[in-house]
Amino acid sequence: MSRILVVAAHPDDEVLGCGGTLARHATAGDDVHVLIVTEGATSRDDMRDPTGRGDEMRALRAAAAAAAHALSIQAPRFGGLPDNRLDSLPLLDVVKLVEKVVAEVGPEIVYTHCGVDLNIDHQRVSQAVLTACRPQPGATVRRILAYETQSSTEWSASGVFRPTVYVDIAAYLPAKMRALQAYAAEMRAFPHARSLEAIEALARWRGASAGMMAAEAFELMRECQV
Ligand SMILES: [Zn+2]
């Protein structure tokens, strides 16, 4: 049994990036935890006003819980930091949040955002995870893998996601699609990159890139073999 932690900036990133892989971990008997760093709704306002978005944030938390249920993983934790404004906070605030959850869970494997994403929160979370999981004596984390998030990773102009690890999710693609249906309000109509059709197409392409029917692809950010 391995302990797994996913650190996602927004509700739905965890499913887009590695939902199939999480369902696969759960089936293997692994203990899978998710930290969603931001509240994931207030960026739609000009000024941050979480009080006026209470219903929406509650709905997003319920969607995240339903998605976790569809993947048979633990109910997510919510960091509640400001959505799409992580660049307005000291990075240390994000690092401290991730460190606290890493200490609670003691994960061996951590999944998080790819650092090149267009979305500023994704960039900050990726950086915070590398810092929070630095390989000090006594650290539990053995592998950090970066996932791609459709409608952010492929829209980057500052870098390229170069997958080096492929996980077969052919048996878990239905669970991933069910989890995304919990986030129906975040999904868009095809040909938007964050549509169910495009998400399945990417899973098929990542699979075909590695001789599988469907896959999720990752960049290995750090591995410590002991
Ligand atoms: Zn996101």
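Modeller: Let me start with a salt bridge: E216 pairs with K176, and their closest N and O atoms are 2.7 Å apart. A salt bridge here is a side-chain nitrogen of Lys or Arg within 4 Å of a carboxyl oxygen of Asp or Glu. The pair links distant parts of the chain, with E216 in strand β7 (residues 215–223) and K176 in helix α5 (residues 173–182), 40 residues apart. Helices (H or I, at least four residues) and strands (E, at least two) are DSSP runs, numbered from the N terminus.

Colleague: Before we go on, what kind of model is this?
Modeller: It is a predicted model, where local features need pLDDT of at least 70, side-chain atom pairs count only at pLDDT 80 or more, and totals for chains, interfaces and linings use all residues. Residues are numbered from 1 along each chain as its sequence is written, and side-chain values use heavy atoms, leaving out hydrogens and water.

Colleague: Thanks! Is E216 buried or exposed?
Modeller: E216 is buried at 3% relative accessibility, and K176 is buried with a relative accessible area of 3%. Buried means under 20% relative accessible area, exposed over 50%, and partly exposed in between (1.4 Å probe, protein chains only).

Colleague: How many salt bridges does the structure hold?
Modeller: There are 10. One of them joins the side chains of E104 and R77, at 3.0 Å from N to O. E104 sits in helix α3 (residues 91–105) and R77 in strand β3 (residues 77–81), so this pair ties together parts 27 residues apart in sequence. E104 is partly exposed at 46%, and R77 is partly exposed at 26%.

Colleague: Switching topic, which protein atoms are donors of the zinc ion?
Modeller: H10 (ND1), D13 (OD), D13 (OD) and H122 (NE2), lying 2.1 to 2.5 Å from the zinc ion. Donors are N, O and S atoms within 2.8 Å of the metal (3.2 Å for Na, K and Ca); water is not among the atoms, so sites may look incomplete.

Colleague: And where do those donors fall along the chain?
Modeller: They follow the spacing H-x2-D-x108-H. H10 is buried at 10% relative accessibility, and D13 is buried too, at 3%.
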